[in-house]
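Please look at the structure below before reading on.

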Amino acid sequence: MEFLMNKSQRINDMLIFLNKKRQFNLKDIMNRYHISKSTALRDIASLETLGIPIYSDLGRNGSYKILSNDLLSPIIFSIDEISALYFSMLTLENYNMCPFDIDLQKLKEKFENSISEQQLSKITKIEKILQPEVRKTINNSQLRIILDILLHRQEEFFPIKYEQQSLQVQFIKLFSHKGDWYVEVINKNTSQKEELSCQSIDFSQ
């Protein structure tokens, strides 16, 4: 790193740095953060305390491995970052449909239970003074199906019915505008890109 960090900054950066790794050496940590071996060992112990599944391989190079874990590593956010994330979550509440299978109220409770009282006090004030208003959509129009296609089968063309028309389309990206969800597609018949309203798409044909 180009500048020295205090311990909390360093631990937070380590969580991000090691998140995609499955193996690292003690020297990787020492060189990246310009710290001594003893400090690096204490930082690794701190990561283990946070629940990061790390175990060491005996050897001269101080090799470590991170066990496979589907849970995201805990990340330390600043109060402004927490406020921004919370505000984004409040915005989701204005949509009747969401491409993710989540209970927003439970998500909100988990978020609030994972932060300090001081942080909770600030975002509670933010919730009172910042109230995003988005025009709500009427029904859930196959968002989960569209998201699954975009994630796993984006190269394929799919038959759909759209406003009484039968089309063959390739899905490109999903986006929202003023509370409505849209998807960009390539129309196989015209080879042109089009933007379709998700709630008007019918996969049942």
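In this predicted model, helix α1 covers residues 7-19 and so has a length of 13 residues. From its first C-alpha to its last, α1 reaches 18 Å, close to the 18 Å expected at 1.5 Å a residue.

Part of this helix is buried. The residues concerned are Arg-10, Ile-11, Asn-12, Asp-13, Met-14, Leu-15 and Leu-18. An α-helix has 3.6 residues a turn, so residues three or four places apart point the same way.

| Helix pair | Axis separation | Angle | Handedness of crossing |
|---|---|---|---|
| α1 and α3 | within 11 Å | roughly 70 degrees | right-handed |
| α1 and α2 | 12 Å | about 125 degrees | right-handed |

How do α1 and α3 lie relative to each other? Their axes cross at roughly 70 degrees, and angles of 65 to 115 degrees count as roughly perpendicular; α1 and α3 are therefore roughly perpendicular to each other. On the α1 side, the contact is made by Lys-7, Arg-10, Ile-11, Met-14, Leu-15 and Leu-18. Thr-39, Asp-43, Ser-46 and Leu-47 make it on the α3 side. Sorted by class, this contact has 5 nonpolar, 2 polar and 3 charged residues.

The angle of about 125 degrees between α1 and α2 means that this pair is oblique. Here α1 contributes Arg-10, Asp-13, Met-14, Phe-17 and Leu-18, while α2 contributes Ile-29, Arg-32 and Tyr-33. The contact of α1 with α2 has 5 nonpolar, no polar and 3 charged residues.

Is Ser-56 buried, partly exposed or exposed? Its relative accessibility is 44%, so Ser-56 counts as partly exposed. Leaving aside neighbours within four places in sequence, Ser-56 is in contact with Ser-63 and Tyr-64. Ser-56 and Asn-25 are 31 residues apart in sequence, and their C-alpha atoms are 9.4 Å apart in space.

For the protein as a whole, there are 7 helices and 8 strands. The protein has 205 residues, of which 34% count as buried. Among its contacts with a separation of 6 or more, 54% are between residues 24 or more positions apart.

Technical notes:
Residues are numbered from 1 along each chain as its sequence is written. This is a predicted model: local features need pLDDT of at least 70, side-chain atom pairs count only at pLDDT 80 or more; totals for chains, interfaces and linings use all residues. Side-chain values use heavy atoms; hydrogens and water are left out. Helices (H or I, at least four residues) and strands (E, at least two) are DSSP runs, numbered from the N terminus. The expected span of a helix is 1.5 Å times one less than its number of residues. Buried means under 20% relative accessible area, exposed over 50%, partly exposed in between (1.4 Å probe, protein chains only). Axes are lines fitted to C-alpha atoms, for helices over the stretch in contact, and angles run from 0 to 180 degrees between N-to-C directions. Angles under 35 degrees count as roughly parallel, over 145 as roughly antiparallel, 65 to 115 as roughly perpendicular and the rest as oblique. A crossing is left-handed if the near helix is turned anticlockwise from the far one by less than a right angle, and right-handed if clockwise. Contact means heavy atoms within 4.5 Å. Ala, Val, Leu, Ile, Met, Phe, Trp, Tyr, Cys and Pro count as nonpolar, Asp, Glu, Lys and Arg as charged, and the others, Gly among them, as polar.
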